[in-house]
Amino acid sequence: MFDPQEAPRVFGLPPGVDFPAALVDGILGRLKDQPPEAMGRVHLIVNTQRMARRIQSLLAQGDARLMPRISLVTELGQDWTMADIAPPAPPLRRRLELIQLISSLLDAQPDLAPRTALYDLASSLATLMDEMEGEGVSPDVIDTLDISDQSGHWERIRAFLNIVRHFTEGRGAPGVEARQRQVIERTIQRWAAAPPQYPVLLAGSTGSRGTTQMLMQAVARLPQGAVVLPGYDFDTPDHVWVSMNDASMLSEDHPQYRFQALRMALDLGRVPPWTGALPPSPARAKLVSLALRPAPITDQWLDEGPKLDAIAEAMAGVTLIEAPSHRIEALTIAMRLREAAETGQTAALITPDRSLTRRVAAALDRWGIIPDDSAGIPLHLSPPGRFLRHVAELALGPLTAEALLTLLKHPLTHTGGDRGTHLLLTHELELHLRRNGPPFPKAGDIVDWAAELTQPMARDWANWIGGHIAAQDAPEASPLEARVAAHLATAEAIAQGCTAEHTSELWSADAGKPAREICDLLSAEAVHGGDMTATDYATLFAAILRGQQVRSAAQPHPGILIWGTLEARVQGADMLILAGLNEGSWPESQTPDPWLNRALRHQAGLLLPERRIGLAAHDFQQAVLAGEVWLTRSARSDEAETVVSRWLNRMQNLLSGLPQQGGDDALNAMRQRGQDWLDRAAQLEAVEAITPAPRPAPCPPVDLRPNRLSVTEIKRLIRDPYAIYAKHVLGLRPLDPLMRAPDALLRGIVLHEVLERFVKDSVAAPERLTREVLMTLAEEVLTSKVPWAEARALWLARLERVADWFIETEEARRDLATPTAFEARGQAQMADLGFTLVATADRIDIDDRGCLHIYDYKTGKPPGKKEQIHFDKQLLLEAAIAQRAGFGDLAPCDVARAVYIGLGSEPTEMPAPLEDEPASKVWQQLHDLIAAYRDLRQGYVARRAMQGKKDAGDYDQLSRFGEWDITDDPVPQEMT
């Protein structure tokens, strides 16, 4: 295939060229005069399976021929001559073993790091070890680093890095990178002893890893060996190549830096082209090459920029989309992909931003287009992944109602039995938990509830919940083997359900098989994990799933493709969309290295963080030279303005600085083409103007209006009549939260019970009117009623601050009257209106004259005098009921006092203004109010007189508050 030569053979193909197709053309061209068996003797080494499949597909076209031997770089170790090299240990095993070592170190030195960072430390340390093995850096190198200018935390870092030495010296099987390096070194030794006389081609690799570059150098020196570089920039001048050395660590982020490193290692001059293939637009290739020059020499734009020509023609196939948001960017891309699908064009979206690809896929779904996504979705976001994570979290602590319903509603739960009945029972259980609690249900709570149901499956279903979902908390440390076995057994039991009619769908869904493989691997390697707490295990399991991708089994559209940057190197499409061109997205933000900074990495011979940026730049340079290209970005994220990608920014700056050559006009034309599509997206999103809803004041028939209200609802009738309409006329009730929070309502209920029991006890035994008795009783009630430790401690502390004040004022209240009734129910009727007012008084005392003293406990600040006169008439109305009809067994009698007992941060007593608002007057005012609502023309106005503008009502969404404002006049509407 090649004529003999002393110099290493290194060829290149320019950016923008279909690399696999050009590679095949070069092979066929060099073998066109050779016998048929010559092709069969060729050994082609590529770096990805996708590249191998594409080459095989291209070679299979046309006439029948022998096929070359195609192998991956990672497959060289499968030769029988490598059998004595131990197979690599699974990466998971290394991380589990490192977790044990790091855990022991943290036990000895707990100030080094928090235990919550256990898995992250193990994972980053394992990554560092893999890199050291791949680059051939010995752990001894760490000890020789010059740290004279480093901060004092180096000793802490060295404590962790010493784990690398102990781990390397004590382990058996090598890591993946270590074995790969051994294989490459063995291969090079064999070639040195007996060089193969058949063609050996290594194609498609940039040599970004030390092991791979070592192999590339060896192949290039073989008698019939050659390296073919992808995306080699032939437009880069010699002085630019010379400037790209790593002495100053300033060129790593350049797309051609790795090729210069290979050239220097092989002492090469100019690299010849593999074929005569050219990018679709050579003029654009020159412009992009100049724009991406290393940062220290971008001043060359001033000299070389004016020499560029045909800029308008070069950029004619480029469209620039600068969308206002991520959503609009995704929608615009989806519209272009839809057009490609309709016209039969092959279009590919290229971006490392997976959130953007999911948005685009969702937008395409409206037209029934399923893109061929090369990555799929992360396993931890798939149905089996979410289900398994939820099950793992059961061990973290007591079962919450939220966690229970999350599992019961999961689509994989109870798929081995009668799922329809399961969903019906789940609905009933949710309503029960929302109405009655408890927030932390136990097995007995669910079994007792199910015993009252008539559904035949209810009892078995409740026992199934109690046996497999409830009481699974085990937060303490336990062997990882046992924890994994219990986790998987519980997951399978929950997926199966309480009836074993058929096999569950847990392992049979789209992502079920890869999830099963991951779980089997974890089970096999769990012996290396030692003891682990539930929190550590849940973190570990989620991290393992997060590293895997799954593809949907749905048949995708063959011409609408979503690629990562790696796939884009080996595929071809009619048009490419380079999306998410913002800093932090493309290029992606670099993960901080917790171990070594740039200078120490450079000293040790490790890879610099900018390496990934350089690879991303190389991918960008290749893709942007396609025939038709879209460059898209969003000007804002959900939080703030974004920063344009450095490569797109350079291209824009270069074009803007060349107005004489038409660069400025070309950039404007790119933007205008993008704006045309943004306008189309705006048209798609446009809707007809909708008239805002008016401020409602519904007028239902009189016979449907409420004829019974409590004294506390009168305040709502005055302030927000619409809420009374929604509750009593429409029969709507706010749905209680699934996890009842320790809110003011619950605090009030608990406080009322504490004070009621305390006052009752102290009436029977006056000597128990002490602070100690009050606090002891409070602890007892809080323990039984409040399952949140933080809320218990906080509420107990608040009560403790006002305990002395309450006892002191209670003694004064006892001097006036004797506590007689608690939670006393009373009602009074307005016969002419057919209306009944009901009340429940917290406490009623009777003095020597037979007069009543009514008290109401408040956990916050009691309403003031003016508020009671105009709005909050609770105590005034209770006094009116007491005088007209009485409370329970208490006959009607005069009310001497009605007082709010405020137990907030500033305890106080707030009396009701009985002198200013006597019972007869209050009753007449209520009669007038109710009579007004007996008029069909009187509507229930929404938010009539709310206490504060920001106060939220239970029915604001129903009244469409926000479309109207409190300054709008209410619009009465007769209801039928």
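User: How many cavities of 30 Å³ or more does the structure hold?

Analyst: This is a predicted model, in which local features need pLDDT of at least 70 and side-chain atom pairs count only at pLDDT 80 or more, while totals for chains, interfaces and linings use all residues. Residues are numbered from 1 along each chain as its sequence is written, and side-chain values use heavy atoms, with hydrogens and water left out. On a 1 Å grid over the protein atoms alone, a cavity is a set of points where a 1.4 Å probe fits but cannot get out; points are joined across faces, edges and corners, and a volume is the space filled by probe spheres set on them. The number of cavities of 30 Å³ or more is six.

User: Which element gives the largest share of the lining of the largest cavity?

Analyst: The largest cavity, of about 110 Å³, has lining residues (an atom within 4 Å of a point) that include Arg747, Leu751, Trp795 and Leu903. These lining residues divide into nine nonpolar, no polar and two charged, where Ala, Val, Leu, Ile, Met, Phe, Trp, Tyr, Cys and Pro count as nonpolar, Asp, Glu, Lys and Arg as charged, and the others, Gly among them, as polar. Helices are DSSP runs of H or I with at least four residues, strands are runs of E with at least two, and both are numbered from the N terminus. The largest share, five residues, comes from α34.

User: Which helix gives the most to the lining of the second largest cavity?

Analyst: This cavity has a volume of about 90 Å³, and its lining comprises seven nonpolar, one polar and four charged residues. Among them are Asp253, His254, Ile613 and Trp647. Two elements, α27 (610-623) and α28 (646-656), each supply at least two residues. With three residues, the one that gives the most is α28.

User: Which strands stand at the edges of the open sheet of six strands?

Analyst: Two strands pair if DSSP finds at least two bridges between them. The pairing in this sheet is parallel, and the order is β6-β15-β14-β7-β13-β8. One side of each edge strand is left without a neighbour because each has a single partner strand; these strands are β6 (318-323) and β8 (372-373).

User: In β15, which residue is the bridge partner of Leu576?

Analyst: Strand β14 (residues 575-578) has both faces covered, with Met575 and Ile577 on one side and Leu576 and Leu578 on the other, all buried (under 20% relative accessible area with a 1.4 Å probe, protein chains only). Four parallel bridges join β14 to β7 (residues 347-350), and there Ala348 stands opposite Leu576. β14 also pairs in the parallel sense with β15 (residues 628-634) over four bridges. In β15, the partner of Leu576 is Val629.

User: Which residue just after α15 takes a positive phi?

Analyst: Helix α15 (residues 326-343) has 18 residues and reaches 26 Å from its first C-alpha to its last, close to the 26 Å expected at 1.5 Å a residue, the expected span being 1.5 Å times one less than the number of residues. Its buried residues include His326, Glu329, Arg336 and Ala340. Just after α15, a positive phi of about 80° is taken by Gly344.

User: Which residues does Ala493 touch, not counting those up to four places away in sequence?

Analyst: Ala493 lies in helix α22 (residues 480-496). Its relative accessible area is 16%, so Ala493 counts as buried. With contact meaning heavy atoms within 4.5 Å, Ala493 touches Trp464 and His468.

Notes:
On a 1 Å grid over the protein atoms alone, a cavity is a set of points where a 1.4 Å probe fits but cannot get out, and a pocket is an open set with protein on both sides within 12 Å along at least five of seven lines; lining residues have an atom within 4 Å of a point. Buried means under 20% relative accessible area, exposed over 50%, partly exposed in between (1.4 Å probe, protein chains only).
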